[in-house]
Amino acid sequence: MASTITSGIPETLSGERIEELQQIAGDHMFMHAVQINDWRGNLRIYVKGEGVWVEDVHGNRHLDAMAGLWYKAVGYGRKEIADAVYAQMTAIDSPPAGSSTIPQIELAGKVAELYPDHGARSFFVSGGSEAVETAVKMAKKYSQLNGKGGAFKVVSRRYSYHGGTAMAVSLGRNPAADPMGPEMPGALHVTNWNSYRLPFAGDPVDVAVKCANEIEEVIVHQGPETVAAIIAEPISAAYGIQIPPAEYWQRLREIADKYDVVLIADEVITGFGRTGEWFAPTNWGVQPDITVVAKAITSGYAPLGAAIATKKIADAFIGGPKETFRHLITFGGHPIASAAALANLKIFEREDLVGNSRRMGTYLYEKLQDLFSHKIVGDVRGGLGLLAAVELVSDRENKTPFPADAGLAKKLPKMLFDRNMVSFRAGDVITICPPLSINKDEIDFIVDAIDGALDELEGELGI
Ligand SMILES: Cc1ncc(COP(=O)(O)O)c(C=O)c1O
């Protein structure tokens, strides 16, 4: 079938050409974290996007309910970002080593303006994993400069995700990662917060504080002088959109202060408006020491990440050779990506996308409650911006997960796709993370698609 694409690419794509592309991909490409046999010959190839919609080579339109992979905050097809990139690329694409460009400088200023600590200083990199690596190295060096010379340990939570690089995987200890042998020495793991399956019995707020207190126990047991940092996602997406009560992050802040440990917020997903605030800990009145961002800072129009240090942390690196942060990523904060980020953030402010995230997030969460009419819906999580999850169970009363051979992770994306919705993360937990520019009609479309897919699934499972 011919494509109806009109901009930037051929108007029509012949069946032969599509087949040729499938062949090349099938023979020569890795897709990230997906089994080759699961897509070979049948790879979805997209050629155009506008708002929350994407169009494939066959001319089919789908609503992207995952904003790419958690990043397409301003939606697809923003020509002004392309124009900003073009202008910078034709002026000077990248500067000589040891110098900078106007968009990099302006972006550092813009981030400090939006960040709760306006004295903040950004170390720009190319993506989330690099930003995590940067934050951890910065925390270790800060600890050394701050009189904790032997501090190298980092406390993180089980089932978190902090990136795909070798150090970052040892922080998350995510069961979905390939085993890589010994972890980073000093990687310490504690119980993660889970609102649906509380890790301990009791009142949820008490349980959340108990989870946080486990970090204190580990720090005391290991020796506070050996621990450099605590790292956590404000809302763990990898663990199924786990939104803690305010007391959790407030307690993390107290513990970090008490033992002089650097508190790192991994906001690769939540940073820049996802939770209805520019930065998620603001919801709970907490200021971390270092904030890790990527994804929405450019809405994926170009790769960029950053470790944002508060003034207190950053000022420790001002001095002589001993204080220098000897950390270098060749393409970190690339001017093209910085230009894209500035144009992206201009759209955020002009269209009040952070406010829209808050308002539409509330609407989405309310609409998702209707799905409890399906017996297999065990939990609906959300209500803090445009990040939500629907968790499916075989027995609601006992919160019994479906067995792996029910194959939900393969069936549901297809059932949703048949209803013109793309959801990369749909299985036991259906994750919803649409562009922040979404409107009510488009949210209705998502909830209707999930509703229809659950009808079909229940029919197939004989429920
Ligand atoms: C919370 C979190 N941290 C870090 C990363 C790693 O980011 P990247 O894939 O850009 O390296 C991700 C990626 O999804 C993430 O969700």
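Predicted model: local features only at pLDDT ≥ 70, side-chain atom pairs only at ≥ 80, totals over all residues.
## A loop residue to start with

I241 sits in the loop between β7 (227–232) and α8 (246–259). Residues are numbered from 1 along each chain as its sequence is written, and side-chain values use heavy atoms, with hydrogens and water left out.

Back to I241: its phi is near 60°, a positive value in a residue other than glycine. Is I241 buried or exposed? I241 counts as buried because its relative accessibility is 0%. Buried means under 20% relative accessible area, exposed means over 50%, and partly exposed is in between (1.4 Å probe, protein chains only).

## Around the ligand

Which residues surround the ligand? They are G127, G128, S129, Y161, H162, G163, E233, D266, V268, I269 and K295; to be listed as near, a residue needs a heavy atom within 4 Å. Sorted by class, this shell has three nonpolar, five polar and three charged residues. The sorting goes like this: Ala, Val, Leu, Ile, Met, Phe, Trp, Tyr, Cys and Pro are nonpolar, Asp, Glu, Lys and Arg are charged, and the others, Gly among them, are polar.

Now for some atom pairs. A polar backbone atom of G128 is 2.8 Å from an oxygen atom of the ligand, and a polar side-chain atom of S129 lies 2.6 Å from a ligand oxygen atom. On the nitrogen side, D266 has a polar side-chain atom 2.7 Å from a nitrogen atom of the ligand. On its own the ligand has 390 Å² of accessible area, and the protein covers 80% of that (Shrake-Rupley method with a 1.4 Å probe; for residues, only the protein chains shown count as cover).

K295, one of the surrounding residues, belongs to the loop between β9 (290–293) and β10 (305–309). K295 isn't a glycine, yet it has a positive phi of about 30°. With a relative accessible area of 21%, K295 is partly exposed.

## Strands tucked inside

Next up is a hairpin: β11 and β12 form it with one residue between them. Strand β11 (residues 377–383) and strand β12 (residues 385–392) pair in the antiparallel sense over five bridges; two strands pair if DSSP finds at least two bridges between them. G383 stands opposite G385 in β12.

Six of the seven residues of β11 are buried, so this strand is largely enclosed by the rest of the structure. How many of the residues of β12 are buried? Eight of the eight are, so β12 is largely enclosed as well. β12 also pairs with strand β14 (residues 429–432), antiparallel over four bridges, and here A388 stands opposite I432.

## A word on cysteines

C211 counts as buried because its relative accessibility is 0%, and C433 counts as buried at 0% too. How many disulfides are there? The count comes to zero, where a disulfide is a pair of cysteine sulfur atoms within 2.5 Å.

Methods:
Helix = DSSP H or I, 4+ residues; strand = E, 2+ residues; numbered from the N terminus. Polar contact = N/O pair within 3.5 Å; in protein donor to acceptor, adjacent residues only side chain to side chain.
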